[in-house]
Structures are given as structure tokens and as C-alpha cells.
Amino acid sequence: MTYTASGSMIVSTGLSSDMVEASIEEAFAKELNIHPSTIEVLYDASSGTVIFTITSEDAESLVDIGETIDADEFVSILDIPDDIVIESITSPSGVIVNIDVSVDASDVDDVDSRISDISNALDDEYTVESEGNFLSILISLGPQPYFYFV
Amino acid sequence: MTGIVASFEVTAIVTKSLKEEEVDDITEEVIRRMNVTEDDIETSGT
């Protein structure tokens with residue numbers, strides 16, 4: 001189970017995409033006091049758009065991070081190169097929880113319909129998206145099933 | 001032994017971390033709708 005929060009920025013820069021992404025990732029990690037591996041930064045040079053996604057094992061820390069990013073002074077205290085100018089920033093609008101579920105459905109008839117039923121049942125609180133049904137080799141190495149996709 | 005694995009992603013917008021009971025509710029819904037056992041289900045990070 002992972003929690004993510006995404007926001008965006010519009011930047012002006014002549015630096016390469018790799019430089020922009022690395023600089024922003026490092027600056028965010030430093031200012032938010034989080035590990036760089038928990039931040040993904042994607043820069044689209046054609047539009048100047050930066051999408052940043054922060055991952056955490058809990059929702060509460062991401063709510064706090066969202067409030068920090070939302071603060072007026074956040075952009076001004078970011079330690080980024082002078083040749084990256086942040087025109088605007090949109091802080092994360094919410095925290096998303098993501099749960100990946102795998103089911104040994106070897107004995108389940110019409111798997112897609114069953115997933116649709118689950119989606120309808122959870123509809124008030126959750127969104128369910130099928131990631132496909134896979135032929136697998138099942139090897140029992142203990143109490144938990146191990147799925148090897150082929 | 002070969003079989004079919006159904007894989008899907010459950011998402012929601014939250015303000016607090018999910019409680020164990022909430023994750024259990026999802027698991028129970030899967031068990032009920034797919035007629036499988038808890039041992040047939042693998043849930044990420046729980």
C-alpha cells in the first residue's frame with residue numbers, strides 16, 4: 001500500500017531535462033526533509049511543465065508536505081539553480097492511496113465480471129482498475145502464494 | 001502448476017492512512033465476489 005501526492009510547476013529554463021529534474025528533485029528532498037528516492041520529477045521542456053510525485057508509506061506525512069508546498073514562501077526558499085525560474089506552482093490537491101491486489105483466479109469464472117462487481121461494491125470509497133489477467137506459474141514456497149508471470 | 005492471476009489496483013483520495021480494518025474490508029469484498037480464500041489474495045504493502 002502506497003500513498004502518493006502530485007503537484008506541478010511551470011518553469012522557465014535553458015537547462016536540459018535531466019538537469020531540471022535532478023535539481024528540482026534534490027531541492028524538494030532537502031526542503032521537505034525526505035529521501036530523493038521518494039520523489040519523481042518529470043519535466044516537459046515543450047510546455048515548461050514539471051510534474052512532481054511524492055510517495056510515502058503514510059498519508060499524514062503527505063498532507064503535511066502538501067501544506068508546506070502550499071505555503072507562500074516555499075518556492076522562494078527552494079535551493080535550485082538560478083537558471084531555473086519557477087513561474088508558478090500547484091501544490092498537491094490530495095493524497096492518493098494505492099493498493100495493488102493479485103488474486104489466484106484459476107477457479108474463478110468470468111474474472112472481468114467479478115472485478116467489475118468488486119468495483120461496483122467499493123464504488124462509494126474506492127476506484128478499482130483492472131491491470132489484466134495473467135497466465136502464471138504458481139509455486140508454493142510457504143504460506144503466501146508466489147506468482148511468476150509468464 | 002499454471003493458473004490465472006487477476007491483478008487490479010484499488011485507489012482512493014484520503015486524508016488519513018487506511019486502517020487495517022479498511023484494508024480487511026476490501027479483502028473481504030474480493031473474497032466474497034470472487035469466491036476465493038484469503039490465501040489466494042496478495043495485497044501490496046499489507
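Helices (H or I, at least four residues) and strands (E, at least two) are DSSP runs, numbered from the N terminus. By that rule, chain A has four helices and seven strands. Their order along the sequence is β-α-β-β-α-α-β-β-α-β-β. The radius of gyration, taken over C-alpha atoms, is 20 Å for chain A, well over the 15 Å that the globule rule gives for 150 residues, so the chain is more spread out than a compact globule. That rule is 2.2 Å times the number of residues to the power 0.38.

This is a predicted model: local features need pLDDT of at least 70, side-chain atom pairs count only at pLDDT 80 or more, and totals for chains, interfaces and linings use all residues. Residues are numbered from 1 along each chain as its sequence is written, with chains lettered from A in the order in which they are written.

Along the principal axes, the C-alpha atoms of chain A fill a box of roughly 60 × 35 × 30 Å.

One helix pair joins chains A and B. Axes here are lines fitted to C-alpha atoms over the stretch in contact, with angles from 0 to 180 degrees between N-to-C directions. The axes of α4(A) and α1(B) come within 9 Å and cross at roughly 140°. Two residues are in contact if their C-beta atoms, placed from the backbone, lie within 7 Å.

| Helix | Residues | Contact residues |
|---|---|---|
| α4(A) | residues 111-121 | A:R114, A:D117, A:I118, A:A121 |
| α1(B) | residues 20-34 | B:E29, B:V30, B:R33, B:M34 |
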